Amino acid sequence: MKYEAVIGLEIHCELKTKTKIFCGCATTFGADQNTHVCPVCLGMPGVLPTINKRVVEFGIKAGLATNCEINKYSKFDRKNYYYPDLPKNWQTSQYDLPIAEHGWVDIDVEGKKKRIRLTRIHMEEDAGKLVHSGTTIKDSASSNVDYNRTGVPLLEIVSEPDMSSAEEARAYMEKIKSIMEYIDVSNCRMEEGNLRADINVSLRPVGSKELGTRTEMKNINSFKNLEDAINYEIERQEEVLEDGGHIVQETRTFDPARGITLSMRSKENAHDYRYMPEPDLPPIVTSEETIEKYRSELPELPDARRARLEQEYGLSEYDAGIITSSRAMAEYFDAVIADGADPKLAANWIMGDLSKELNAEGIDISKSPVDAKRLGEMIQLIMKDTISGKIAKKVFKEMLTNPDSPEKIVKDKGLVQITDTKAIEGIVDEVIANNQKAVDDYKGGNKKAIGALVGQVMKASKGKANPQMVNKLLAEKLNG
Amino acid sequence: MRLYEKPAHVLHDMLVNKEVTAVALTEDVLKRIDEVEGDVKAYLTITRDEALAQAKAVDEKIAKGETISFLEGIPGAIKDNICTKGIKTTCASKILENFVPPYDATAMTKIKAQNPVILGKVNMDEFAMGGSTENSAYHPTCNPWNTDCVPGGSSGGSAASVAAGTSIWALGSDTGGSIRQPASFCGVVGLKPTYGRVSRYGLVAYASSLDQIGPVTRDVTDCANILNIICGHDEMDSTSSEAEVPDFTKALVEDVKGLKIGLPKEYFVDGMDPEVEKTVRAAIEKYKELGAEIVDISLPHTKYAISAYYLIAPAEAATNLQRYDGVSYGERVESDDLVGMMTKTRTEKFGEEVKRRIVIGNYALSAGYYDAYYLKAMKVRTLVQQDYTEAFKKVDVIMAPTAPTPAFKIGEMISDPLQMYLQDACTVPLNLAGLPGMSIPCGYSASGMPIGLQIIGKALDEETIIRAAYTYEQSQNYHNEMAKLGGNN
Amino acid sequence: MKVTKEDLQNVAVLSRLAIAEDQEEKYLGQLDKILTYMDNLSALDTTDVKPTTYALPMQNVFREDVVKESLGREAALANAPLKEDGYFKVPKVLED
């Protein structure tokens, strides 16, 4: 039988507020254990939560940016379960009246568009961190608890099970990441756990409408792990079903080192979260004016920006998609072309040499050693034929460590392109004279032999000869 | 007459007029503690040295000619579920036996700003669950009027200490009658302010939507003065009221002419002690004499209030008390694994009544029962509130007994939880509706136990309650009578 | 009986409380009495009644996003039953 996967994601997105969701402790990542804590986030006897206004603003903005309806009446609830990273043994979250519901985002996988529906977006507090004494939770005789992260604000973005492959799930999560970055509500640093996904996967026979039994993988924190976990789980479930077995509804952990998912086999009771309205927090009532105010503050979103780049600058859909996938890159692009650099060249340089360099060094584009202005200037040198594309690569390499303007670098290093016909002619004559075999080959009908001669001319000019002119002159002389 | 017998406002005037020193006053109250605390057992923690140091500082201030605030130098006691920075706060539970809060409750901060003398922390039913203070994990407190009887609860230590003269004033908390009922049993004045009047920040939560801190005092004048101190919006408590706080002492006027007093028939029902009914009706008669108008009213959903309360309060409590798990504070009973540690800790360190309410609460919240119990109770809460809204269209205040009986004997009801819950019939409806209510002494039973009159006001209208209470109080002498016990003879 | 032994033990697990077998009867008896009394609520028709969560109507109480001083680790850990290297220490999280 052929199966199709049904995949849904719950993405937890840490918000970039200064303080926690229910108290004034700082949210800074990486502080010493148990230093960003107070009686409130430690859940001490007698404490009460207070709602950080920014969190509500961010929740509404995230809802608007993902085409959700904003609930005019929203409230917090207690989700009760015991875990040592949760000091009150309940998570203050939202149950039946989340801040936003019924949205969607569009994704694009290999040129195929698909709309993924959002069930809801709700606000909640993050839990603390456990440091286990052993290598895994299972072989640890004890664990240590750090409550710094307790109370860091989260949005939980819940999708409908609308995805059917790991690629779609990845594209969806990338889209959510991109939108959250654009509206500036999260740093979205996956390595710091700003963005984590719980994945639900089930299989059903192709064509069937009924959903199969699903498994859940929690806290997936990279795109690679997301894809690996889903692909492994699809294969695993397929095998179980092919063998006539049943899928057990359970939470599984993903082991990135081995690329497999494992049953938690915990004896936990079926969860009964005993949700109840949070009596310590009055409801959130949002007026149409507030919603419109927040809507007016939203920046241009990735889809709109991509369309604009295609229309205004003639970028391909693919290039525009990559450039606009992160707000920082899109802004970098805008800055590069601001002074007249060619948009297509700019896109090529950003997606090519610049991205390669940044990825290799693990640097964010906003901190690029070659800022947008200098890259723009360099591209203009290419446009003015001051340097060739090939020389530009040399100039770019130099710019990574040399803060001078590209113009100065080109001058200092003597990299200005030779466009003087006389000078190039001299080199061409010399090369023709010294490479009789290639000349003979060419004349004998092997037109490809010209390539070797061009190479020799470029080499002799230290790469500075204008390649078009070299080609033209060589052809003239050999054919003439 | 000893100093401990006087109310705070009289002692304040004496301090101002240099008729007495704060140290002499504090020493007299501490002496009273030495004399009778063995019989009353109102305290869980006595901060003797700190109290004397505070008194000394106040005397120095007075000597320098500086003005002093109302509570300055006046010894008082704090219920042990109100967090006091650096002073153990146990909630009369073993699970918090050694818990020292790193912060003060907001009400405590406001009280401390007055420079009072804090004598210590007083006993209560564990986590404020109970109406007799027998549920304290440490010891029961005895009623100063008859030490065989309970002082009521859960603020039994607050009421007993004020009645016995082992404190001049006290703070208590009221979730279903926990200030008013012990005030009634001990013959003192107790006020539960409107929900939100006093910040709950630092009040260890029992049932968050019902809890409220309030004063327990010798007379209505002290009550109004302390209310002035503790009320007001607090940014740490999102449910605290932003309404302006009036000067409650301006309501200390003897005038009830034309005041419309509602008498709800549902509060005078079967099972009510005839002496209580008679005494309360006599007090109502007195109001009539003083010029008030008595109006018969009906609060038809009163009979459902106990059920609603004993579902809502335990449900909130079940979640509120989940935090006591032995992880980051409080006692821990060790076990090899986490679930075992949490379960052992809670099983061994919580008392019977607390565990019972946690079980009831979790039952009411659990899947399959939520709609039938918890949701239903919240709907009934709406109906109870609507009853009052309707009634207050016709009357200015509502009067009723505070409790259906005078103080009962220690041990008399402890084995029958439901019987104990039914004792709260006259007090819990207000908490459900968030309304203010006061208990003032209005007479005695044949055996000499105090009986309380409950005065219920509109939301945020403590002033009318104070005016009504003050007028009656001044027409009687109950507020000048101290419990007869120990060294008082 | 309104509550079965199984219900009781389930709620006990949710409550992280152990109810010994010889305590079950007592608990069940008390719960039964209390819940039977509470059945008086079912006589009320509350179909069109809105539930009340808050004692008094309030809404939109917010705090500005301004950092306040934290407690400090020493004070945070002062009441800890067991601590280690600035952490709260707990026993084995998963059962064997």
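**Exercise 1. The nonpolar cores**

Task: In this predicted model, which residues of the largest nonpolar core touch the most other members?

Solution. Step 1: The largest nonpolar core holds 263 residues. Among these, the residues that touch the most other members are Ala169(A), Ile199(A), Ala308(B), Leu311(B) and Ala469(B).

Step 2: Turn to the elements that supply this core. Helix 9 of chain B gives the largest share of the core, 12 residues.

Step 3: Take one of the residues from step 1, Ala308(B), and leave aside its neighbours within four places in sequence. The contacts of Ala308(B) are then Ala377(B), Val380(B), Arg381(B), Val384(B), Leu432(B) and, in chain C, Leu41(C).

Step 4: Look for a further core. A second core of 33 residues is separate and includes Tyr332(A), Leu354(A), Ala392(A) and Leu415(A). As background, nonpolar side chains in soluble globular proteins tend to be buried together.

**Exercise 2. Chain B as a whole**

Task: Describe the make-up of chain B, then state how its radius of gyration stands against the globule rule.

Solution. Step 1: Chain B contains 15 helices and 11 strands.

Step 2: The globule rule gives 23 Å for 489 residues, and the radius of gyration of chain B is 21 Å, close to that value; chain B is therefore as compact as a globular protein of that length.

Step 3: Taken along the principal axes, the box filled by the C-alpha atoms of chain B is roughly 65 × 55 × 45 Å.

Step 4: Of the 489 residues in chain B, 65% are buried. When contacts in chain B between residues at least 6 apart in sequence are considered, 77% of them join residues at least 24 apart.

**Exercise 3. Strand 9 of chain B**

Task: Are the residues of strand 9 of chain B mostly buried or exposed, and which strands does it pair with?

Solution. Step 1: Strand 9 of chain B covers residues 397–401, and five of its five residues are buried.

Step 2: Strand 7 (residues 260–264) of chain B runs parallel to strand 9 of chain B, and two bridges join them. Here Ile261(B) has Val397(B) as its bridge partner.

Step 3: Strand 11 (residues 450–457) of chain B runs antiparallel to strand 9 of chain B, with five bridges between them. Met399(B) has its bridge partner, Ile455(B), in strand 11 of chain B.

**Exercise 4. The side of chain B that touches chain C**

Task: How many residues of chain B are in contact with chain C, and which element gives the largest share?

Solution. Step 1: The contact joins 57 residues of chain B with 41 residues of chain C.

Step 2: On the chain B side, two or more residues each come from helix 9 (302–320), helix 10 (338–349), helix 11 (352–365), helix 12 (371–391) and helix 13 (417–422) of chain B. Helix 12 of chain B gives the largest share, 10 residues.

Step 3: Sorted by class, this side of chain B has 28 nonpolar, 16 polar and 13 charged residues.

**Exercise 5. Chains A and C**

Task: What is the strand order of the open sheet of four strands, and what does chain C bring to its contact with chain A?

Solution. Step 1: The order is 9(A)-10(A)-3(C)-2(C), and the pairing is antiparallel. At the edges are strand 9 (129–132) of chain A and strand 2 (83–84) of chain C, each pairing on one side only.

Step 2: Four bridges link strand 10 (residues 142–146) of chain A with strand 3 (residues 87–91) of chain C in the antiparallel sense. Val145(A) is bridged to Phe88(C), and Ser142(A) to Pro91(C).

Step 3: The contact between these chains takes 33 residues from chain C and 45 residues from chain A. On the chain C side, helix 1 (5–14), strand 1 (62–63), helix 3 (73–77) and strand 3 of chain C each supply at least two residues. Strand 3 of chain C gives the largest share, five residues.

Step 4: By class, this side of chain C has 17 nonpolar, five polar and 11 charged residues.

**Exercise 6. A sheet in chain A**

Task: Why is one side of strand 6 and of strand 16 of chain A left without a neighbour in the sheet?

Solution. Step 1: The open sheet has three strands of chain A in the order 6-5-16, with antiparallel pairing.

Step 2: Strand 6 (90–93) and strand 16 (276–277) of chain A are at the edges and have a single partner strand each, so one side of each has no neighbour in the sheet.

Step 3: Two bridges pair strand 5 (residues 77–80) of chain A with strand 16 of chain A in the antiparallel sense. Opposite Asp77(A) stands Pro277(A) in strand 16 of chain A.

Note on methods:
Residues are numbered from 1 along each chain as its sequence is written. Chains are lettered from A and ligands numbered from 1 in the order in which they are written. This is a predicted model: local features need pLDDT of at least 70, side-chain atom pairs count only at pLDDT 80 or more; totals for chains, interfaces and linings use all residues. Two strands pair if DSSP finds at least two bridges between them. Two residues are in contact if their C-beta atoms, placed from the backbone, lie within 7 Å. Ala, Val, Leu, Ile, Met, Phe, Trp, Tyr, Cys and Pro count as nonpolar, Asp, Glu, Lys and Arg as charged, and the others, Gly among them, as polar. A nonpolar core is a set of buried Ala, Val, Leu, Ile, Met, Phe, Trp, Tyr and Cys residues joined through C-beta atoms within 7 Å. A residue is buried if 20 or more other C-beta atoms lie within 10 Å of its own, exposed if 12 or fewer, and partly exposed in between; C-beta atoms are placed from the backbone. The radius of gyration is taken over C-alpha atoms; the globule rule is 2.2 Å times the number of residues to the power 0.38.
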